[in-house]
Every structure is written in structure tokens, then in C-alpha cells.
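Work through the following exercises with the structure in view, and try each task before reading its solution.

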Amino acid sequence: MTKTGNKAVRSEAGKLALGLVFVALVIIPLLKMFSFIEGQGFIRLVRSPVFGRAALHSLSASLFATVISVTLALLLAWCLRRTRVRGTGVFSVLFILPMLIPSVSIGMGLTILFGSNGIVTNLLDLRQTIYGFRGIVIGSVIYSFPVAFLMLNDAMKYEDASPYEAASVLGISKWRQLLSIELPYLKRALISASFSVFTMTITDYGVPLMVGGKCSTLSVMMYQEVIGQLDFGKGSAIGLFLLIPALIAFVADLLNRERAKASFVTRPFELRKNSFRDGFAYIVCGLVAAAAAVLIGSFCVLAFSGKYPKDMSFTFKHVLETFDLSGGEYLFNSLLIALGTSVVGIVAAFTTAYLTARMPSKTTKFLHLMSVVSLAVPGVVLGLSYALTFNGSFIYGTIIILIMVNLMHFFASPYLMMYNSLGKLNSNLESVGQTLGISRWRIVKDVIIPQSKGTILEMFAYFFVNCMMTISAVSFLATISTKPLALLINQLEAQAKLECVAVVSLLILAVNMLVKGIVYILQRKKLSLPVRGKKEKSIVDAKTI
């Protein structure tokens, strides 16, 4: 066999082995979880009125939240991209603040504001509280709309203005342009955003756990059965039902992605002054930004006041109390898990994306499918499957298993980032390098990695921020010694230490904002500053070949 043939065989073996790793860490744990489902218990569960009500609440709340979140996100993206609003960067940061804290913190924030003794409740003397179905919908919208906003805002950024200019010349109204040009262009982004939001909300238990009251959902029911009653059979059955809508959303979104075609801006939008349009945009953006700021502000009120609402004097005692309750140790655990997952995740996602995007072969589709299949598995389901699969093993109860479950939970999106980025580089790089006697490794090290630095930074931020916030994937796996900071919120809430809950939420927000800020600065520096100092020895230029 020739040298080239040996490399091809090794490449195929490597892809197959990597694909089997995903099978071992995603598919097999799910099958193990399904094995705990008993036939008679499953039938009794399905027939129980409690399960029926929880399923109805989950579906209806998720559908309402999806419609509201995607509509709001589309409106906000339009305000920033199609008007002359100033301060778009500030508005964008304020819009995504809710996605930098755990969903359970959002639920707690709503309780602080609109609960029985909430700040707004007392201020306006409200008779109705946030608890129940309305609270779940409102909290789910706050939790999920930033994700939809980022997706739609990014899609609108690359839209071509030429069709709109032609439509204006032909006298077509703005409303017809919206229906005939804008919405068809955004169709795929809207579908992806809708499925992403629906999956997020139907599988989340943080918001309904805090503000659901007597309105139970499947995710809360699963959490209570496993954590409260240690009924793994019933928890596994509920996990199966949570997996079904997420799987349907995954398949539909995957087909939508496959049909999507690349779009390139040929002509930017030239926005004319329109006082009514811009004023409307300022009002909408201002209201949403204010709502996000008030939510974060509620944490500040509780965290730094003596005892709301009796003692409003400024104090740091709740911060000290939080650290006395092992807040520092749990923060260290979160940082360790987030850093470990980010480093391992970047290496794994880059390697996998390179094999699928730059080395096509018979096993490429299998590896690609295994790499994105975790998108269909809710975190709470994956966490339970890991608890049942690895219980009794040497990694159970350690930081390692928390890194593993977070890696699989969040792997697909960073992988797709790098997969799309590598697909845009010149496809002849490796073949030209081989002709010049340059190894594939040197092409990767000296050309591809430098060209992909921006994407690598985005991958790091995605892994890190999500690991700091997640509660669903790790709630069944963390022990007292390995508990991440986000899980301390449930513990403190059960002890009625709401001030400490506010401190924990602010700590997570501060860390995530710091990381996002550093990544943003590094990306700006990479894009704007020329290379200085000694000359780089470049073997191949990705842009010129």
C-alpha cells in the first residue's frame, strides 16, 4: 500500500473512532436511561392526570414563549438594523444580559420583582403575583429571546439592499416589502430561532421551578422525581417525553440548515432619516433594555441592602455570607469546569470540524451527524443518562464527569461554528502544500489556525459562558465537593436566603461579562491591528492560493 493510501486508511480509522466516542458519550447513556423505564410504570405515568397537566403546561407555555420571543427578537433586530438608532452596541449588550445568568436566576429575579413581597408588587400595590402559567411564559421569554435576537440580528446583517431599492423604484409599499422580501429572506433564520427557543423553554426547569407555583411542567416533574424521590424509572420516562419534541425540533432544524445557501452582501442599506420610525425604534429598544436592566438591578437591591424592604442601607454582609456558605469553593469549581470544558472542547471541536470540513470521505457524514446529535438531547435528559450510566465508576462524583457532560451538551454549536469557518477557506490549501512538500500539520498550524482565531475565541466564549450558567446537565451529577456555583441558587432559595441568591447571580453575570469582554477586545484587536515586530515565516497564504 502506498504512503498516500496509508494516510487515507488512518484518516478513515480516526474519523470512525471519533464518531464512536460520540456514540459512547451520547447514544449509549441514553439507551441506558431508557432501560430503566418499566412498562407498567410507564403506562401509569402516562395515564396519571398530574402528568397530563404537566405535559399540557410544558407544550402550551413553550409555544406561547416561542411566538413571543421570536416576534420580539425580530422586532429588536429590525430596530437595530433598519433604523438610524444610535448606541446599537449598548442596546445589544443590554438585550443579551439575561442569557449570561442561569434560568433559575431569571425566575428568582421575577420573584424579587413581582413575588408576594416583590419590589414592584409593593411599589404599585399589585394584587396579582407572578406565580403560575403567566410567570413561566414571561420568564421563558426573558430567558430565550436573546438567543433568537442574536440569530436574527446576524441574519439581517448580511442582507442585500438591492431588492428593496428596486421595490421602492417600482412603488411597492414598505409593508409589501416586509412580506415579500424581508420575511422570505429570514425564513430559515426564523425557523432555526423558533426551534432553538422551543427546545430551550420546554426542557428548562429553572424558570418554572421558581415561578411556576402550582403550574407544574415536565422538566420540573422530572427534577422532583429524581432529586426529591430518587425515582429513576419515572424520571427516565419523563426524560423520554422531553426528548421527543427536542428530537423533532433537531431534525427539522437540521433539514432547514441543509437547505440553506450562503448569502453575501452586495449592497449595504442606506437609511434615510425618519423621525417616526426612529422614535418607535428608540421606544421599543429602550423598554426592552430597561426591563433587562431592572431584572439585574433587582439582584443589586437585594445583594447590597441590609434586609429588603425593612432595611435598605448599603452593606456587603450578604456577599460575605455567600462566601461563608462555600460560595468561593463553588465559584472555583465553576471556573475549573468552564475552563476545562472550553480547552478540551476547542481542541475536540476543531479536530472534528477539520476532519469533516477539510477531509471528506465515506465516514464524514457519520462523524458530522454524531457531532451535532447532542443538539437533540436536552441537558436535563443528558445529565440523568450520565448519572445512570456512570454511577459507581471512578469518574462519578468528580469534576471530570461534569466536564464530560458539559462538553457533550454544548459541543454541537462550537463545532458548527468551526465547520462553517473552515468550509470558507480555500479548498486547495492542503493539496498545494503537499505539492510543495509541506505537511498537513504545518498547514494547519501556520495557516488554518491563524485564519480561524476569531472563531476559536467565539468557541471559547460559548463553552465558558454556558458552563458557568448551566444547571440542567449537572444537577444530577454534582456532589457537595464538586457543585458548581449555579446549583447553589436552588440550595439558598430553599433556605430563604434570597439576598445570597442575588449575590450568586451577580457573581455569575460578572464572570461571564468579563469573559465576553476579553473575547470582544481580542477579536477587535485581531481585526484592527497590523502585525508588528519580527516577520512571520508564512509558508502558504490562505487568501492567495
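The model shown here is predicted.

**Exercise 1.** Decide how exposed phenylalanine 42 and phenylalanine 241 are, and classify the pair that their rings form.

*Solution.* Begin with accessibility: phenylalanine 42 has a relative accessibility of 24%, so this residue counts as partly exposed, and phenylalanine 241, with a relative accessible area of 23%, is partly exposed as well. Next, turn to the count of aromatic pairs, which comes to 15. In one of them, the ring centres of phenylalanine 42 and phenylalanine 241 are 5.6 Å apart and the planes meet at 10°, so the pair is stacked, because planes under 30 degrees apart count as stacked. Finally, locate the partners: phenylalanine 42 belongs to helix H2 (residues 39–47) and phenylalanine 241 to helix H13 (residues 232–259), so that the pair links distant parts of the chain, 199 residues apart.

**Exercise 2.** Classify the pair formed by the rings of phenylalanine 314 and phenylalanine 316.

*Solution.* The ring centres of phenylalanine 314 and phenylalanine 316 lie 5.2 Å apart with planes at 85°, and therefore the pair is edge-to-face, since the angle for this class is over 60 degrees. As for accessibility, phenylalanine 314 is exposed at 58%, whereas phenylalanine 316 is partly exposed at 48%.

Notes. Residues are numbered from 1 along each chain as its sequence is written. This is a predicted model: local features need pLDDT of at least 70, side-chain atom pairs count only at pLDDT 80 or more; totals for chains, interfaces and linings use all residues. Side-chain values use heavy atoms; hydrogens and water are left out. Rings of Phe, Tyr and Trp (its six-membered ring) pair if their centres lie within 6.5 Å; planes under 30 degrees apart count as stacked, over 60 as edge-to-face and the rest as tilted. Helices (H or I, at least four residues) and strands (E, at least two) are DSSP runs, numbered from the N terminus. Buried means under 20% relative accessible area, exposed over 50%, partly exposed in between (1.4 Å probe, protein chains only).
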